[in-house]
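Please read the following briefing alongside the sequence and the coordinates. It opens with a question and then groups its points by topic.

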Amino acid sequence: MAGFGSYLKKHTEALVKDVGIEPACGLTGKSKATLGRYYSDNPEHADRFMPIDAVAALEKDASYPHVTSALAELQGNTLSHDDRRPNDERAGGVNSDVIALSQRFAMLMSEYQQSIEDGIITVNEAKRLLRETTLLQQVLIDMKLHLEEESG
């Protein structure tokens with residue numbers, strides 16, 4: 001674990017600052033001083049890390065899963081962050097997913113058609129294609145979850 005500590009502490013600090021110190025205290029039930037120790041680089045706090053339940057509580061309200069992402073990176077894994085935060089769960093299950101899948105695929109093909117018209121895909125066009133690909137992937141994940149739920 002040596003060497004990973006400072007990396008995790010930096011991401012813990014980013015998480016707390018993303019949520020805000022006061023809200024983080026409320027969400028975790030920890031004091032400002034305790035939260036500060038979790039990301040302190042002082043030698044006396046080198047072995048102190050935020051408990052996983054506190055990380056989960058903070059990442060639920062954060063704009064990005066800072067610590068989870070750092071843990072994944074340390075293991076050579078990547079995450080697909082879904083920043084869609086719908087107000088309500090989408091109803092309809094697999095049937096709705098199939099429709100959403102076809103609509104997303106159509107959007108991806110439309111972006112591709114526009115991007116390739118001049119024979120060159122620019123950086124901005126590539127970013128739009130990547131965004132559409134990620135949205136398509138999210139629909140597939142939703143569909144997978146609905147299928148597991150129905151078979152389960």
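Which residues are buried in H2? In H2, the buried residues are Ala24, Cys25 and Thr28, where buried means under 20% relative accessible area, exposed means over 50%, and partly exposed lies in between, with a 1.4 Å probe and protein chains only. The model is predicted, so that local features need pLDDT of at least 70 and side-chain atom pairs count only at pLDDT 80 or more, while totals for chains, interfaces and linings use all residues. Residues are numbered from 1 along each chain as its sequence is written, and side-chain values use heavy atoms, with hydrogens and water left out.

**Helix H2 and its end**

- Seen down the axis of H2, the buried residues fall within an arc of 105°, so they line one face of the helix; the arc is that of the directions from the helix axis to the C-beta atoms, and helices are DSSP runs (H or I, at least four residues) numbered from the N terminus.
- The cover over the buried residues of H2 includes H1, H3 and H4, with contact taken as heavy atoms within 4.5 Å.
- Thr28 lies in helix H2 and counts as buried because its relative accessibility is 16%.
- Leaving aside neighbours within four places in sequence, Thr28 is in contact with Leu35, Ala54 and Leu58.
- A polar atom of the Thr28 side chain lies 3.2 Å from the backbone nitrogen of Lys30.
- Just after H2, Gly29 takes a positive phi of about 75°.

**Helix H4**

- Helix H4, which spans residues 52-61, has Ala54, Val55, Leu58 and Glu59 as its buried residues.
- These buried residues fall within an arc of 125° when seen down the axis of H4, so they line one face of the helix.
- On the other side of H4, Asp53 and Lys60 are exposed.
- H1, helix H2 (21-28) and helix H5 (66-74) are included in what covers the buried residues of H4.

**Packing of H1 against H3**

- Helix H1 (residues 4-19) and helix H3 (residues 32-39) pack at an angle of about 145°, with their axes 7 Å apart; the axes are lines fitted to C-alpha atoms, for helices over the stretch in contact, and angles run from 0 to 180 degrees between N-to-C directions.
- From H1, the contact draws on Lys9, Thr12, Glu13 and Val16, and from H3 on Arg37, Tyr38 and Tyr39.
- The residues of this contact divide into 3 nonpolar, 1 polar and 3 charged, where Ala, Val, Leu, Ile, Met, Phe, Trp, Tyr, Cys and Pro count as nonpolar, Asp, Glu, Lys and Arg as charged, and the others, Gly among them, as polar.
- Ser40, found in the loop between H3 and H4, is buried, with a relative accessible area of 12%.
- Ser40 touches Lys9 and His45, not counting residues up to four places away in sequence.

**The largest nonpolar core**

- The largest nonpolar core has 14 residues, and those with the most contacts inside it are Leu15, Val16, Val19, Ala24, Leu35, Met50 and Leu58; such a core is a set of buried Ala, Val, Leu, Ile, Met, Phe, Trp, Tyr and Cys residues joined through side-chain atoms within 4.5 Å.
- At least two residues of this core come from each of H1, H2, H3 and H4.
- Leu15 touches Val55, Leu58, Glu59, Ala62, Tyr64, His66 and Val67, with residues up to four places away in sequence not counted.
- In soluble globular proteins, nonpolar side chains tend to be buried together.

- Gln75 lies in the loop between H5 and H6 and is exposed, with a relative accessible area of 60%.
- The C-alpha atoms of Gln75 and Ala54, which are 21 residues apart along the chain, are separated by 21 Å.
- Phe105, found in helix H6, is partly exposed, with a relative accessible area of 44%, and its C-alpha atom is separated by 11 Å from that of Leu140, 35 residues apart along the chain.
- Ile116 lies in helix H6 (residues 93-116) and is partly exposed, with a relative accessible area of 29%.
- His146, found in helix H7 (residues 123-151), counts as buried at 16% relative accessibility.
- His146 and Ala100 are 46 residues apart in sequence and 13 Å apart in space, C-alpha to C-alpha.

Key:
Polar contact = N/O pair within 3.5 Å; in protein donor to acceptor, adjacent residues only side chain to side chain.
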